[in-house]
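Please look over the model shown here. A short report on its architecture follows.

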Amino acid sequence: MNTELLTLAVEVAREAGELLDSFKGRVSVADTKSSPTDVVTEMDRKAEELIRSRILARRPGDAILGEEEGQTGDSGDSGVRWVVDPLDGTVNYLYGLRDWSVSIAAERGGEIVAGAVFAPRAGELFTATRGGGAWLSGPDGGPGEKLSVGPGVALDRALVATGFGYRAERRQVQGEVVAALLPRIRDIRRGGSASVDLCALALGRVDAYYERGLNYWDYAAGALVAEEAGVKVGGLKDPAPGTSMTVAAAPPLFDELSAALSALNPERDA
């Protein structure tokens with residue numbers, strides 16, 4: 001069943017990604033969320049509408065949790081809930097930058113079992129099923145490359161990806177944390193899309209990733225890709241990733257980075 005769910009996730013993620021990528025004009029801001037810089041575009045909404053309609057046409061008994069419209073439906077009959085970020089990296093998209101994606105995950109029994117992250121402008125499709133491995137393929141859906149991270153590096157040689165919230169009081173603390181962490185690592189990268197960052201970790205483009213303030217839809221599919229590639233994904237005070245903190249790295253580095261972050265008390269606002 002996981003393979004069937006993945007097939008649908010891939011099909012719909014591709015279609016939504018192509019819709020987003022086809023719009024070549026100036027994107028307008030439709031709304032804001034947590035702050036004036038936390039934006040929603042009309043394309044976020046159109047992409048989610050497309051995703052919902054395609055999934056429900058094939059699986060009308062499933063529930064869907066989406067960033068723009070929240071939860072609809074009840075998975076009691078089918079046992080499946082879809083976790084959807086129709087446009088992860090909206091600010092990148094707004095500015096014409098490359099790093100944004102469509103992220104679709106399928107959850108069964110409270111566990112993500114299949115996920116697809118499609119980054120159209122990078123021409124990359126990341127997929128995973130629980131226990132079935134993680135893969136990278138081009139947008140044409142060829143056989144792809146199986147992803148497997150190495151043993152990792154020590155903290156002082158780690159290239160670490162992160163992201164920042166939109167509210168000033170949170171950004172102030174996040175800046176303090178980065179400033180304290182930077183002398184202890186190789187360097188920092190800030191891509192602007194959590195799902196792309198997690199997939200980059202699975203591919204070995206960065207060594208670790210952490211961020212406070214992620215929602216479930218931000219990391220559901222990307223975390224599965226990372227985990228199936230051998231990455232450890234969790235929180236700081238909580239063993240599971242979540243809004244308070246998400247940390248990801250190969251197991252030895254995960255422990256080093258978690259210890260370094262914990263000492264900086266990053267789960268707070270100014």
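Predicted model: local features only at pLDDT ≥ 70, side-chain atom pairs only at ≥ 80, totals over all residues.

At one end, strand 3 (residues 63-66) and strand 4 run antiparallel and are joined by three bridges. Here Gly66 sits opposite Gly70 of strand 4.

## Two hairpins around strand 7

Strand 6 pairs with strand 7 in the antiparallel sense, over seven bridges. Glu107 has Ile112 of strand 7 as its bridge partner. The two strands form a hairpin with two residues between them. Gly109, in the turn, has a positive phi of about 60°.

Strand 7 also pairs with strand 8 in the antiparallel sense, this time over six bridges. Phe118 has Leu125 of strand 8 as its bridge partner. This hairpin has four residues between the strands, and Gly123 takes a positive phi near 65°. Strand 7 is mostly covered, with eight of its nine residues buried.

## Helices across the sheet

How do the two helices meet? The crossing of helix 1 and helix 2 is right-handed. From helix 1, the contact involves Leu8, Glu11, Val12, Glu15, Ala16, Leu19 and Leu20. They meet Met43, Lys46, Ala47, Leu50, Ile51, Arg54, Ile55 and Arg58 of helix 2.

## Nonpolar cores

The largest nonpolar core holds 29 residues. Leu5, Leu20, Ile51, Trp82, Val102 and Ile104 have the most contacts inside it. Helix 1, helix 2, strand 5, strand 6 and strand 7 each give two or more residues to this core. Helix 1 supplies the largest share, nine residues.

Which residues does Ile104 touch? Leaving aside residues up to four places away in sequence, Ile104 touches Ala9, Val12, Ala13, Ile51, Trp82, Val83, Val84, Ala114, Gly115, Ala116 and Ala221. Another core, of 20 residues, lies apart from the largest one. Among its members are Val177, Met245, Phe254 and Leu257.

## Strand 15 and its partners

Strand 15 (residues 246-249) has pairing partners in strand 13 and strand 14. Strand 13 (residues 208-211) pairs with strand 15 in the antiparallel sense over four bridges. There Tyr209 stands opposite Ala248. Strand 14 (residues 232-234) and strand 15 are joined by three bridges and run antiparallel. In that pairing, Lys232 stands opposite Ala249.

Which way do the residues of strand 15 point? Thr246 and Ala248 point one way, while Val247 and Ala249 point the other way. All of these residues are buried.

Key
Residues numbered from 1 in each chain as written. Heavy atoms only, no water. Pairing = 2+ DSSP bridges. Core = buried A, V, L, I, M, F, W, Y, C linked by side-chain atoms within 4.5 Å. Buried < 20%, exposed > 50% of the residue type's maximum accessible area, 1.4 Å probe, protein only. Contact = heavy atoms within 4.5 Å. Left-handed = near helix turned anticlockwise from the far one by under 90°.
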